[in-house]
Amino acid sequence: MSEELANHYRSIYSPSELEEIWRTLEVQIHPFTQVITLEDKVVRRLDEPAKRFLAHKFMSHVMQSVMFVCDGTSTPGGTNNKRWFLGPPKFFTAGGGMVIKVNGGDAFWAFPSEARIQTATVPMPILPPTNSQVRVPRPPNAYILYRKERHTLVKSANPDITNNEISQILGRAWNMESKEVRDHYKEMAEDVKRALLEKHPDYQYRPRRPNEKRKRSRRSTRSRDDANSHSPRNGNIADTSTGDEMEAI
DNA sequence: GAGAATGAAAA
DNA sequence: TTTTCATTCTC
């Protein structure tokens, strides 16, 4: 990945040289490091691709876009005491400026008007999501596969039918199917699940709890009764018949 | 986003 | 035991 990254940025430095520069900065990184410092002489030698390379490396730590900032002061005598910082923009542009203390070093006041922003924010490159970032959909169960396979068939035979009606029809059909047919779809579901786990060994079903983000309405008593009147299912929801089972989002 | 079905899986 | 979420697509 690193070499690939360095090649991608096409710096005047070789990939190994870029890695070497990064290693000198990497020592500053601890779990809570948000900003790192760079010596002016180092930064002056960097070309833009090299800066992007370093920014990219640091981004993978802070998981945010980062930018180079220079506090840009030179003493009257010409002594260069410029300091460079690399970190997320919020650390440099917070209203009224803010104190940044890097790894126990001197505090640095970064006023938006004073700190010279040397390079534009380096946006997070769009990289293919890692396996852990991919949202893996839940494997379908036997009925879902059965419904999926027959959905188009039912729809073409009854063009005006609604999806809810298709679900009702196929729900009844499913309950009337022979054991062989149901077993066939059960095996298919197991195959799909096996393939999913092979591709994503860490996959685990993680349903959100009712207080997380959105609540789904519980299956209404009436709809369940309707279904039961045609094809009873082993309902596992207590039939409270309160009529107020619909929950707001 | 709800709804209509079923069922696996988590809490 | 209860809830979510896989599928599909209309409202």
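A residue counts as buried when its relative accessible area is under 20%, as exposed when the value is over 50%, and as partly exposed in between, with a 1.4 Å probe and protein chains only. By that rule Trp 174 is buried, because its relative accessible area is 11%. This is a predicted model, in which local features need pLDDT of at least 70, side-chain atom pairs count only at pLDDT 80 or more, and totals for chains, interfaces and linings use all residues. Residues are numbered from 1 along each chain as its sequence is written, chains are lettered from A and ligands numbered from 1 in the order in which they are written, and side-chain values use heavy atoms, with hydrogens and water left out.

Chain A contains nine helices and six strands. Both are DSSP runs numbered from the N terminus: helices are H or I with at least four residues, and strands are E with at least two. Of the 249 residues in chain A, 29% are buried. The chain exposes about 17,100 Å², and 52% of that comes from carbon and sulfur atoms; such areas are computed by the Shrake-Rupley method with a 1.4 Å probe, and for residues only the protein chains shown count as cover. A contact means heavy atoms within 4.5 Å. Among the contacts in chain A with a separation of 6 or more, 59% join residues 24 or more positions apart.

Next come the helix pairs. Two packed helices are described by the angle between their axes and the distance between the axes. Here the axes are lines fitted to C-alpha atoms, for helices over the stretch in contact, and angles run from 0 to 180 degrees between N-to-C directions. Angles under 35 degrees count as roughly parallel, over 145 as roughly antiparallel, 65 to 115 as roughly perpendicular, and the rest as oblique.

Helix 2 (residues 15-26) and helix 4 (residues 48-62) have axes that come within 10 Å and cross at roughly 50°. Helix 2 is therefore oblique to helix 4. From helix 2 the contact takes Leu 18, Glu 19, Ile 21, Trp 22 and Leu 25, and from helix 4 Ala 50, Phe 53, Leu 54, Lys 57 and Phe 58. These residues divide into eight nonpolar, no polar and two charged. In this scheme Ala, Val, Leu, Ile, Met, Phe, Trp, Tyr, Cys and Pro are nonpolar, Asp, Glu, Lys and Arg are charged, and the others, Gly among them, are polar.

Two residues of helix 2 can be set side by side. Trp 22 lies in helix 2 and is buried, with a relative accessible area of 4%. Leaving aside neighbours within four places in sequence, Trp 22 touches Ile 29, Ile 36, Phe 53, Leu 54, Lys 57 and Phe 58. Trp 22 and Phe 53 are 31 residues apart along the chain, and their C-alpha atoms are separated by 8.7 Å. Thr 24 is also in helix 2, but Thr 24 is partly exposed, with a relative accessible area of 48%. From C-alpha to C-alpha, Thr 24 is 9.5 Å from Leu 38, which is 14 residues away in sequence.

Helix 6 takes part in two further pairs. Helix 6 (residues 142-157) packs with helix 7 (residues 163-176) at an angle of about 120°, their axes 10 Å apart. Helix 6 is therefore oblique to helix 7. Their contact includes Tyr 143, Tyr 146 and Arg 147 of helix 6 and Ile 166, Leu 170 and Trp 174 of helix 7. By class, the contact has nine nonpolar, four polar and three charged residues.

Trp 174, the residue from the opening, belongs to helix 7. Not counting residues up to four places away in sequence, Trp 174 touches Ala 142, Tyr 143, Tyr 146, Arg 182 and Tyr 185. Arg 147 is 27 residues from Trp 174 in sequence and 8.5 Å from it in space, C-alpha to C-alpha.

The axes of helix 6 and helix 8 (residues 179-199) come within 8 Å and cross at roughly 105°. Helix 6 is therefore roughly perpendicular to helix 8. Among the residues in this contact are Ala 142 and Tyr 146 of helix 6 and Tyr 185 of helix 8. The contact has eight nonpolar, no polar and three charged residues.
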